[in-house]
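Welcome, and please open the structure in your viewer. Keep the selection tool at hand, and we will walk from stop to stop.

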Amino acid sequence: MMAHRRMRVAWPLLVILLLLAAACERFPQDPERSLDTVLETDTIRIGLANSPPWVIHSDEEDPRGAEVALLSEFATELGVGIRWEGGSSEGLLEALTRYELDIVAGGLTDPNPWSAHVGFTLPYHTSWFVVASPEPGSGLGSLEGRTVAVRPGTGLTRALERRGARLLTAENPAEVADLMAGNSWEVVGQGWYPTDQRLQEFRHVFAVPPGENGLLMRLESFLREHADSGRVVDLLLQADDQ
Amino acid sequence: MRTREPFELPEDKQEKLRRAVRLEWITIGFLISITVVMFLTMGASQAMKTAWIEDVLSLIPPIAFLIAMRLRDREPDERYPYGHRRVTLLSFLAASVAVLVLGLYMLWDAGISLGSRHHPTLGHMDVFGYQIWSGWVMIAALTYSMIPPFILGRMKLPIAEEVHEQTLHADADMNKADWMTAGSAILGILGVGVGFWWADSAAAAFIALEVTRDGVTNARSAMRNLMDHRPTEIGSDKPLGIVEKVRGYARELPDVRDAECRFRVEGHVFSGELFVVLTDQPEVARRVEEIRKEALAIDWRIHDIVVMPVESLER
């Protein structure tokens, strides 16, 4: 009997919610109206944490980088201006939780300890630390005993040594050995080809305020259309060059 | 030691029980599939997480039932002279307490979520190459989770009443009420979509309340049974009238001056004592055995009656 009473409450609730959903011009909505505010004020507030070549932000120049380029395009598509704000990723993500910013970019990757506190887009691009060779289609099988050149300061040395590789550090790895290790887009820029030896995977994301699902979906749709792999690699190489 | 005679279920009841066992296996199969589907689609929804835990918990009653079905037909032996009819109740009580505690934990969790104003983030989900709002995927999973338990619950309920099986009844009841859990979660997710960030946590709290209530109800009924409660109808508190029937039968007998009895529930069967004041007669023992046999036949659920000739029924 109790169950029937609840059924009488449940059905109308369901109908009301479905009607509300149909009435929304956008579904899902932003509980804190982020996207609407952006469109009304003609400004999108974007936080940038320096992380070349994804985000290059300094006091001396205009922001640039692959992610900056993508977000600029997004703002153009929305028809709004941008207010860039620099800072550390921690500080910027903190500001997101207070709904003081609309998007944060900075070479952020998933999984991320902040995922309980802010919203993250689906990964729009996946990159790897790879071992590359000048020949396409190299299935090395293992790195045991092979010489691999790396640029200094990449933090790849432990991973490579664990796989039995002999390391050679050089500013221009492509010139000193038959195999080099670096980011997947870097090696493509050198004209080399990634081998089957992938050392680490990175899934790149942007951050949005928690629960702002309308804004999130809009950004994700944009990224799906305009941030295909080839385009992102191009943007990264452009940013690297400058 | 004189152990009890083993209990024999009437043939038609045995058939029903076998059907119940089959249904419980099917229930377990569906519940596992539901658990997997929900786990894959749960995402950031608190309500879905709570509903998932509830679905995992609903695996306990059927498993306990199937195990008990194997154990309780063991004949009474030296160590268990009264038989094993109560084994179902033990697992049932343990399961109910576990459910209760988990329900309380989930309630607390949902409370924290609401208190900290947690806004669930639900973006796109990648489904076989297509990107759709994760809320729709969750709602689809929840809709699936509603249907098999509801149907199975409705099929098991009448059987539980016919074989007087309380644990089966509680399990079937929980299955039937599953639509409320899934329904609440769906309302929660739709609420978030419409912009009510609190809808998800509120739904989670509601589900947790239901789960706790279930735990309390089942724990109480298991406790009553384990404490030798008088026989009641399945799923309610109404006494069955077994005492009246047996007493009535005995008092009708020509050579019985007065009679009184008491009964208790033991798992799914009853047992009790019948006190008779007999007229003076030479073969009391034989008469008492006759009375016992006839009293046992009054209701198929009566497992054992000890007939005790007494001088008077005054205390």
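This is a predicted model: local features need pLDDT of at least 70, side-chain atom pairs count only at pLDDT 80 or more; totals for chains, interfaces and linings use all residues.

Residues are numbered from 1 along each chain as its sequence is written, chains are lettered from A and ligands numbered from 1 in the order in which they are written, and side-chain values use heavy atoms, with hydrogens and water left out.

**Stop 1: where the chains meet**

Colour chain A and chain B separately and look at the contact between them. Chain A contributes 29 residues and chain B contributes 27 residues, where contact means heavy atoms within 4.5 Å. Together the two chains bury about 2,300 Å², with 69% of it on carbon and sulfur atoms; buried area here is the accessible area (1.4 Å probe) that two parts lose on being put together, summed over both. How many salt bridges are there between chain A and chain B? The count is zero, a salt bridge being a side-chain nitrogen of Lys or Arg within 4 Å of a carboxyl oxygen of Asp or Glu.

**Stop 2: helix α1 of chain B**

Now select residues 11-41 of chain B, which form helix α1. Helices (H or I, at least four residues) and strands (E, at least two) are DSSP runs, numbered from the N terminus. The expected span of a helix is 1.5 Å times one less than its number of residues. For the 31 residues of α1(B) that gives 45 Å, and the end C-alpha atoms are 45 Å apart, so the two agree.

Show the side chains next. Among the buried residues of α1(B) are L17(B), A20(B), L23(B), E24(B), T27(B), I28(B) and L31(B). Buried means under 20% relative accessible area, exposed over 50%, and partly exposed in between (1.4 Å probe, protein chains only). An α-helix has 3.6 residues a turn, so residues three or four places apart point the same way. The cover over the buried residues of α1(B) includes α2 (46-57), α3 (60-71), β1 (124-127), α5 (134-162) and α6 (166-176) of chain B. Just past the helix, G43(B) has a positive phi of about 60 degrees.

**Stop 3: A160 of chain B**

Select A160(B), in helix α5 of chain B. Is A160(B) buried or exposed? Its relative accessible area is 0%, so A160(B) counts as buried. Although 143 residues separate A160(B) from L17(B) in sequence, their C-alpha atoms are 8.4 Å apart in space. Leaving out residues up to four places away in sequence, A160(B) touches E165(B), L168(B), H169(B) and I234(B).

**Stop 4**

Move on to L274(B), in strand β4 (residues 269-278) of chain B. L274(B) is buried, at 0% relative accessible area. Its contacts beyond four places in sequence include V246(B), A250(B), C261(B), I291(B) and V307(B).

D299(B) sits in the loop between α10 (284-296) and β5 (302-309) of chain B. With a relative accessible area of 8%, D299(B) is buried. Apart from neighbours within four places in sequence, D299(B) contacts I242(B) and K245(B).

**Stop 5: aromatic rings**

Rings of Phe, Tyr and Trp (its six-membered ring) pair if their centres lie within 6.5 Å; planes under 30 degrees apart count as stacked, over 60 as edge-to-face and the rest as tilted. By this rule there are 10 aromatic pairs over all chains. Select Y124(A) and F206(A): their ring centres are 4.9 Å apart and their planes are at 15 degrees, so the pair is stacked. Y124(A) lies in the loop between β5 (119-120) and β6 (125-133), and F206(A) in the loop between β10 (193-204) and β11 (207-208), so the pair ties together parts of chain A that are 82 residues apart in sequence. Both residues, Y124(A) and F206(A), are buried.

W133(B) and W136(B) have ring centres 5.4 Å apart and planes at 85 degrees, so this pair is edge-to-face. W133(B) is buried at 3% relative accessibility, whereas W136(B) is partly exposed at 40%.
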